[in-house]
Amino acid sequence: MSAEDTSDDGPTGPVNFIRHRIDADLAEGKNEGQVYTRFPPEPNGYLHIGHAKSICLNFGVARDYKGHCNLRFDDTNPVKEDAEFIDAIKKDVSWLGFEWAQLRHASDYFDQLYAYACELIKSGNAYVDSCSADEIREMRGTLKAPGTPSPYRERSVEENLDLFERMKAGEFNDGEHVLRARIDMASGNINLRDPVVYRIRKVNHIRTGDTWSIYPMYDYTHCLSDAIEGITHSLCTLEFEDHRPLYDWILDTLNTPVHPQQIEFGPLLLEYTLLSKRYLLRLVQEGHVDGWDDPRMPTLAGLRRRGFPPAAIRRFCDLIGVTKNAAWTDMALLETCIRDELNVAAPRRLAVLDPIKLIITDLPEDHEEPLTFQNHPQDESQGTRQVPFTRELWVERDDFAEVPPPKWQRLVEGGEVRLRGSYVVKCESLVKDADGKVIELHCTHDANTLGKKPEGRKVKGVIHWVSARHAMNAEVRLYDRLYKTPNPSPEDDLDDVLNPQSLVVMPNAKLEASLATGNTPVQFERLGYFVPDSGTSATGQVVFNRVITLRDTWAKS
RNA sequence: UGGGCCGUAGCCAAGCGGUUAAGGCACCGGGUUUUGAUCCCGGCAUGCGUAGGUUCGAAUCCUACCGGCCCAGCCA
């Protein structure tokens with residue numbers, strides 16, 4: 001390494017093998033020094049966090065190399081696609097924080113694609129096959145045995161052209177003919193055994209309507225769309241490695257003006273999560289979740305409603321890296337990214353999820369004392385707010401124990417605890433109901449402990465509280481991982497692997513009044529991060545979703 | 001007649017023949033703290049799937065083995 005290298009202000013951003021390849025291309029002067037990428041979803045479902053990895057990669061590379069990235073809808077199969085998904089995908093990409101240079105659709109190129117197909121026929125590199133789908137499958141051979149040529153493989157150029165034109169004109173029904181590339185029926189790579197490039201589909205297309213009765217296949221469309229858009233690096237996941245020879249064959253055979261290079265990377269596998277559109281669809285359809293944007297779903301819509309900040313997802317994608325390993329990523333890494341982001345941004349508030357009454361008996365009934373709270377302990381610029389302190393408070397049921405475990409720092413009968421931002425109180429007595437359940441804690445307070453340490457003793461515990469008279473009622477939904485097994489598989493029985501505790505509803509939460517407004521995540525002190533939900537509860541109450549808990553080293557031991 | 005990939009700590013991952021194998025997460029200690037949070041400090045691979053080989057020198061090159069993933073849609 002030379003000294004200049006360290007002072008060089010080349011592209012910034014994460015280090016990975018794809019960026020090394022791009023650096024090498026640039027060093028060789030390829031692509032006139034340009035780096036153009038694309039994110040190419042099929043509009044047949046919602047984007048999930050696995051797509052976020054691809055989005056961050058494609059847009060991130062373009063940004064760091066001062067190139068651009070297109071958003072391209074791969075809409076070549078009208079039977080699976082819906083306009084609803086186009087809007088949802090655009091919204092998700094924007095929400096993640098990226099801007100596409102151009103918005104494109106594979107269907108924009110249907111005319112060019114058709115013309116290219118005619119060229120393929122004319123050069124003897126494609127033919128119309130009139131076998132059935134079953135026959136074609138039969139003749140394709142197996143993983144270990146070569147295929148056999150179709151009886152239609154030697155049709156004349158004229159006949160092929162005529163048939164293909166009539167396919168386009170709608171003279172035939174679905175399945176009667178297909179156009180196949182004429183490559184090598186004996187190839188070890190099955191994708192090269194005369195792949196189908198056009199099929200008849202008499203279906204309305206979301207953008208082209210009834211204009212076409214034939215539609216091009218993915219392998220044929222993708223490389224040409226890349227070439228047409230001048231994409232330099234076509235990044236996709238590992239399962240397309242075997243398709244690269246076909247990608248290259250089509251571009252070489254057609255001798256396109258440019259030849260983008262496909263580079264494959266490992267998909268995201270996240271612990272306690274399953275990311276296949278088919279599987280996510282099942283969760284929705286069978287009612288295991290509340291819809292595509294259920295806060296437990298790994299869809300971007302779900303993560304958004306859950307309150308995950310887009311910056312945290314971007315950070316996560318940077319941290320996991322890009323390699324050719326199909327690696328299971330530890331959920332803790334995502335969680336850390338969420339907490340790091342929220343810790344800096346989220347204002348602190350007081351809220352009690354499972355309330356029990358705490359009465360300060362040595363205070364008058366009408367006592368009301370406004371206390372000043374910092375909105376953020378490390379960020380003074382977030383300012384302060386007033387919180388009313390009164391005789392009757394709500395505190396967390398969990399913060400009192402009749403029989404405390406070892407190292408307990410919270411309230412016990414006869415013990416003292418600090419009320420967050422307020423006084424030290426001592427629990428003098430309990431009130432129980434007929435079943436022996438504690439329903440009230442009667443305390444006295446040390447008037448000399450507001451803003452100071454108590455004299456002559458140490459009080460370690462701090463608990464949060466809300467003035468009973470001022471509290472706002474709310475429903476709080478506690479979300480946890482959807483699966484109870486770290487590496488769920490699509491073969492698993494859902495009843496075995498779904499986490500029955502993935503949603504726990506706290507119907508009777510008491511919130512500090514300042515939480516009545518706002519729609520961004522806040523921290524409920526000592527509990528975690530929470531975000532207002534778009535809806536209300538069955539009883540018309542405000543709803544908060546738990547984004548994530550605070551780190552809790554106490555609970556772990 | 002099979003083809004294509006991948007193995008560096010519990011997880012992710014840098015490394016590209018030349019000092020004691022980056023970094024993050026997790027975990028374990030300790031300090032600060034009116035959130036058991038945050039923050040700070042420290043610890044954490046004599047080792048790179050295994051075995052040989054090449055070399056003055058190998059995680060990096062070669063060979064063989066072992067383990068894992070993907071492919072037989074008129075899906076993408």
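**Basis.** I worked from a predicted model, where local features need pLDDT of at least 70, side-chain atom pairs count only at pLDDT 80 or more, and totals for chains, interfaces and linings use all residues. Side-chain values use heavy atoms, without hydrogens and water.

**RNA strand B, surroundings.** I looked up which residues are near the strand (a heavy atom within 4 Å of it). I found 74 residues around RNA strand B, with K144, A186, N325, R420 and Q523 the closest. By class I noted 25 nonpolar (Ala, Val, Leu, Ile, Met, Phe, Trp, Tyr, Cys and Pro), 25 charged (Asp, Glu, Lys and Arg) and 24 polar residues (the others, Gly among them).

**Elements.** I took helices (H or I, at least four residues) and strands (E, at least two) as DSSP runs, numbered from the N terminus. Helix 13 (331-345) is among the elements that supply at least two residues each, and helix 13 gives the most, four.

**Polar contacts.** I checked pairs of N or O atoms within 3.5 Å. A polar side-chain atom of N325 is 2.5 Å from a sugar or linking oxygen of RNA strand B. R410 places a polar side-chain atom 3.1 Å from a base nitrogen. For G421, a polar backbone atom lies 2.8 Å from a base oxygen.

K66, not a glycine, has phi near 55°. Y272 has phi near 60° and is buried (under 20%) at 18%.

Technical notes. Residues are numbered from 1 along each chain as its sequence is written. Chains are lettered from A and ligands numbered from 1 in the order in which they are written. A polar contact is a pair of N or O atoms within 3.5 Å; within protein, one must be able to donate a hydrogen and the other to accept it, and residues adjacent in sequence count only if both atoms are side-chain atoms. Buried means under 20% relative accessible area, exposed over 50%, partly exposed in between (1.4 Å probe, protein chains only).
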